[in-house]
Amino acid sequence: VAGPSIGTQFQWINGRSSSSKSFTYVLIPKREGQFTIDAVEVRVGNRVYKTQPIQIRVTSAPQGSSPKRQRPFSPFDPFEG
């Protein structure tokens, strides 16, 4: 696993503020197979948020294909064209 890459967003709409934070992880598989990513707990103030476990299946890439690296789009990224 690579990461996390952390993003934070703040908004003001009609005089009201809101904010959000995102955590992005990149999975780099070492072998093929069926795997479970365990639940993750996040504490925000006095509240605890918990994800559900995620089932993934890792397969080999088709011949002649190359992996594509995708990044989340950010309007504040100076390298976005």
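Buried denotes under 20% relative accessible area, exposed over 50%, and partly exposed the range in between, with a 1.4 Å probe and protein chains only. The legends below concern a predicted model, in which local features need pLDDT of at least 70, side-chain atom pairs count only at pLDDT 80 or more, and totals for chains, interfaces and linings use all residues. Residues are numbered from 1 along each chain as its sequence is written, and side-chain values use heavy atoms, with hydrogens and water left out.

**Figure 1. Overall arrangement of the protein chain.** The protein chain contains 6 strands and 0 helices, where strands (E, at least two residues) and helices (H or I, at least four) are DSSP runs numbered from the N terminus. Read from the N terminus, the order of elements is β-β-β-β-β-β. Of the 81 residues in the protein chain, 2% are buried. Among contacts (heavy atoms within 4.5 Å) with a separation of 6 or more in the protein chain, 20% join residues 24 or more positions apart.

**Figure 2. Confidence of the prediction.** The predictor's confidence in each residue is given as pLDDT, from 0 to 100. For the protein chain the mean pLDDT is 81, and 77% of the residues reach 70 or more. Confidence is highest in strand β3 (residues 33–37), at a mean of 93, and lowest in strand β4 (residues 41–44), at 85. Where pLDDT is low, the predicted coordinates should not be read in detail.

Figure 3. Strand β2 (residues 16–26) pairs with β1 in the antiparallel sense over 10 bridges; two strands count as paired if DSSP finds at least two bridges between them. Isoleucine 13 stands opposite arginine 16 of β2. The hairpin has 2 residues between its strands, and asparagine 14 is found in this loop between β1 and β2. Phi of asparagine 14 is positive, near 50°, in a residue other than glycine. Most residues other than glycine have a negative phi. Asparagine 14 is classed as exposed because its relative accessible area is 77%.

Figure 4. Phenylalanine 23 belongs to strand β2 and counts as partly exposed because its relative accessible area is 45%. Apart from neighbours within four places in sequence, phenylalanine 23 is in contact with Pro4, Ser5 and Ile6. The C-alpha atoms of phenylalanine 23 and threonine 8 are 9.0 Å apart, with 15 residues of separation in sequence. Val1, Ile6, Phe23, Tyr25 and Leu27 make a nonpolar surface patch of about 550 Å². Patches are made of residues with over 30% relative accessible area and no salt bridge; nonpolar side chains (Val, Leu, Ile, Met, Phe, Trp, Tyr) are joined within 5 Å, and like charges within 9 Å. A salt bridge is a side-chain nitrogen of Lys or Arg within 4 Å of a carboxyl oxygen of Asp or Glu. Valine 1 is placed in the segment before β1 (2–13) and is exposed, because its relative accessibility is 72%.

**Figure 5. Isoleucine 37 and proline 53.** Isoleucine 37 lies in strand β3, whereas proline 53 is located in the loop between β5 (47–50) and β6 (54–58). Their C-alpha atoms are 5.6 Å apart in space, while the two residues are 16 residues apart in sequence. Isoleucine 37 is partly exposed because its relative accessible area is 29%; proline 53 is likewise partly exposed, because its relative accessibility is 48%. Not counting residues up to four places away in sequence, isoleucine 37 touches Leu27, Pro53, Ile54 and Ile56. With neighbours within four places set aside, proline 53 is in contact with Thr36, Ile37, Asp38 and Ala39. A distance of 7.9 Å separates the C-alpha atoms of proline 53 and valine 40, which are 13 residues apart along the chain.

Definitions and conventions
Areas by Shrake-Rupley, 256 points an atom, 1.4 Å probe, with all protein chains shown as cover.
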